[in-house]
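Me: Got a fold open here and want to talk it through. Can we start with the terms, then go to the sheet and the charged pairs?
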Amino acid sequence: MIRTQLLTAAGERIEGNAELIERWRCDYGSYIWIDLINEEPHAEKQFLLSMQCHPLAVEDVQRFRHPPKTETFDNYTLILYRGITEFNKDLTIQQMTIALFAGDRCLISCHPRHSLGVTHYWENAHHENLLVSPGLLASRIMRFSVGRYLESILAFETSLNELEDAMQEKPNDEVMRELISYQSRLRKLKRIFSYHEKLVTNLLKDIPQRLIDEDGDIEHGLQDLFERCERLHGLCTMYYEICGDLINGYLSISSHQLNNTMRVLTVITAIFVPLTFIAGIYGMNFDNMPELHMPYGYFYTLGGMLVIAAGFGIVAFKKWL
């Protein structure tokens, strides 16, 4: 589906479909936003090429799971990032690639499914006078998506605090499994946010001249976007490390408990080794064993074994237990 918003040179705002593109081309003082939703790949490619988008940029947009990036071409600046369609409390997400082509008097957005960021500014871009600044509008759309990430990550902090308390009070395997799951999901989020942070950093280092020339404060818009991306990456890294510390703490506690158990078993074994040795000697069936004919030999041997066991037990209790 192709939908368009046209802002004419006279200040009139018109919503429609692809038919407004020709009017935009003829009206040199107008601005247009073209939104492509779930277009068939071949039709999308032909349309983007007809809008003079670079073939390599079109390939990047249509490549499956292409990492977020930004690149400036002759006619457009491409911003390719990961938007979210669902972000749950357990950090499971559903994401999609959103492409934004910011050009002269034109913004083209491509996404396979409904996007909250695009929808939000589709309804509010005219009120904020953003259609005259395609680059600033693109940065605001990405900023809205990043803001949703940030809200969900901050909400996760409560769950992490509860897990930390549970691990300190009563560590168990169930909490351990939950922490490992969170750490795995945070690792994926770290990768996404690292891409986004590098994307905005590259834009800030070398802002395309066409974005600077727009009627909008693109420098401050990109700086605000960078701060959000940087904070997201920092929060994910911190939460990832906290999960790792809690997992290592649980493993240390488990190892300590295992060491205590093994120490007790070792002491018991040490006590019974000499007793087993004595029992083994007198369990042999030889005729010429003098002790076999002693009237009280059994009681002497049993008493000696008890004395040895008691002595070993006292020493082990004082030194090891």
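Reply: Terms then. Buried means under 20% relative accessible area, exposed means over 50%, and partly exposed is in between. Keep in mind that this is a predicted model.

Me: Where does that put Arg 25, buried, exposed or partly exposed?
Reply: Arg 25 has 34% relative accessibility, so it counts as partly exposed.

Me: What does Arg 25 form a salt bridge with?
Reply: Glu 22. The closest N and O atoms are 3.8 Å apart. Glu 22 is partly exposed too, at 46% relative accessibility.

Me: Where do Arg 25 and Glu 22 lie?
Reply: Both are in helix H1, residues 19-26. They are three residues apart, about one turn of the helix.

Me: Switching to the sheet. How many strands, and in what order?
Reply: Seven strands, in an open sheet with mixed pairing. The order is E2-E1-E3-E7-E6-E5-E4.

Me: Which strands stand at the edges?
Reply: E2 (13-16) and E4 (69-72). Each has a single partner strand, so one side of each is left without a neighbour in the sheet. From one strand to the next, the twist averages 15 degrees.

Me: In what sense do E1 and E3 pair, parallel or antiparallel?
Reply: Antiparallel, over six bridges. E1 covers residues 2-7 and E3 covers residues 31-37. Thr 4 has Ile 34 in E3 as its bridge partner.

Me: Which strands does H5 lie across?
Reply: Helix H5 (residues 134-169) lies across E3, E5 (76-87), E6 (93-103) and E7 (106-111). It runs at about 25 degrees to E5.

Me: Back to charges. How many salt bridges does the structure hold?
Reply: Eight. One of them joins Glu 128 and Arg 140, with the closest N and O atoms 3.3 Å apart.

Me: What does the pair of Glu 128 and Arg 140 tie together?
Reply: Glu 128 is in the loop between helix H4 (116-124) and H5, while Arg 140 is in helix H5, so the pair ties together parts twelve residues apart in sequence. Glu 128 is partly exposed at 38% relative accessibility. Arg 140 is partly exposed as well, at 25%.

Me: And what about Glu 15, what is its salt-bridge partner?
Reply: Arg 13, with the closest N and O atoms 2.3 Å apart. Glu 15 is partly exposed at 46% relative accessibility, and Arg 13 is partly exposed at 30%.

Me: Which residues are linked in a network of salt bridges?
Reply: Asp 60, Arg 63, Lys 69 and Glu 71.

Note on methods: Residues numbered from 1 in each chain as written. Predicted model: local features only at pLDDT ≥ 70, side-chain atom pairs only at ≥ 80, totals over all residues. Heavy atoms only, no water. Pairing = 2+ DSSP bridges. Helix = DSSP H or I, 4+ residues; strand = E, 2+ residues; numbered from the N terminus. Axes fitted to C-alpha atoms, helices over the stretch in contact; angles between N-to-C directions. Contact = heavy atoms within 4.5 Å. Salt bridge = Lys/Arg side-chain N within 4 Å of Asp/Glu carboxyl O. Buried < 20%, exposed > 50% of the residue type's maximum accessible area, 1.4 Å probe, protein only.
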